[in-house]
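Biologist: Please walk me through this one. Where do we begin?

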Amino acid sequence: MPLPSRFYPVVPDLGWVRRLVPGAKLIQLRLKDLPEAEIRRQAAEAAAICRAHGALLVLNDYWRIAIDLRLDALHLGQEDLAEADLPAIRAAGLRLGISTHSHEELETALAAGPDYVALGPVYPTTLKIMPWAPQGLERIAEWKRRIGALPLVAIGGITLDRALGCIQAGADSVAVVSDVTGHAAPEQRARDWIAALDTAAR
């Protein structure tokens, strides 16, 4: 099943969901270092906002909470994937995205039957220390040849200026963090992304 947008912002809290939806039709909520009750509260409210505006919310990491709240989609890193109950995730009807950074991780992800695969970091990123070298556009093309019709998300160090190159290389969507959330005018920056990726595609 295709993703609803080429523009895929990844945001750190509920406040950003409020700011970027309804413009964004695909958004990932990546909550870190919060009590479980607060994660549940923010995820539930974010889901309500997204459903009201026809957007797809993807919750990062917390698969049990995603199941309990009957969310629509979940994203897992490789460590979380190893500990997750995949049959329970599938039984709950969750769409599943999985991060990959190497050929071995791609094989692990594909064995889990994901709804999309993410590749990163495409470019150097300052958000967190990465043990992997930047993948580059050639790796995007290689991944797309490997996974075929399965949607591919590019992530890591991607600015608006770099986004179209990722699409041209084979990415179906481009995940963005700091180029939107760190921008002086993030709502306008999000509109610029939508215009460049989604409006141009139509």
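Modeller: With a definition: helices (H or I, at least four residues) and strands (E, at least two) are DSSP runs, numbered from the N terminus. This is a predicted model, where local features need pLDDT of at least 70 and side-chain atom pairs count only at pLDDT 80 or more, while totals for chains, interfaces and linings use all residues. Residues are numbered from 1 along each chain as its sequence is written, and side-chain values use heavy atoms, without hydrogens and water.

Biologist: In which strand is Leu29 found?

Modeller: UniProt lists Leu29 under "binding site" in an unreviewed entry, together with Gln28, Arg30, Leu31, Lys32, Asn60, Ser99 and Lys128. Such positions use the numbering given here, feature names are shortened, and annotations may be inferred rather than shown by experiment. Residues 26-29 form the strand that holds Leu29, namely β2.

Biologist: Why does Leu29 count as buried?

Modeller: Buried means under 20% relative accessible area, exposed over 50%, partly exposed in between (1.4 Å probe, protein chains only). Contact means heavy atoms within 4.5 Å. Not counting residues up to four places away in sequence, Leu29 touches residues including Val11, Val17, Ala46 and Val58. Leu29 is buried because its relative accessible area is 0%.

Biologist: How far apart are the C-alpha atoms of Val153 and Arg6?

Modeller: Val153 lies in strand β7 (residues 152-154) and is buried, at 2% relative accessible area. Beyond four places in sequence, its contacts include Leu3, Tyr8, Tyr116 and Ala175. Val153 and Arg6 are 147 residues apart along the chain, yet their C-alpha atoms are separated by 8.6 Å.

Biologist: Which residues of helix α8 are buried?

Modeller: Helix α8 covers residues 160-169. Just after α8, Gly170 takes a positive phi of about 135°. The buried set is Leu160, Ala163, Gly165, Cys166, Ile167 and Ala169.

Biologist: What volume does the largest cavity have?

Modeller: A cavity is a set of points on a 1 Å grid over the protein atoms alone where a 1.4 Å probe fits but cannot get out; lining residues have an atom within 4 Å of a point. Points join across faces, edges and corners, and a volume is the space filled by probe spheres set on them. One cavity of 30 Å³ or more is counted. The volume of the largest is about 40 Å³.

Biologist: Which residues line the largest cavity?

Modeller: Ala, Val, Leu, Ile, Met, Phe, Trp, Tyr, Cys and Pro count as nonpolar, Asp, Glu, Lys and Arg as charged, and the others, Gly among them, as polar. The lining has five nonpolar, no polar and two charged residues. They are Leu3, Leu56, Val58, Ala73, Arg95, Asp115 and Tyr116.

Notes:
1 Å grid on protein atoms, 1.4 Å probe; cavity = no way out; pocket = protein on both sides within 12 Å on 5 of 7 lines; lining within 4 Å.
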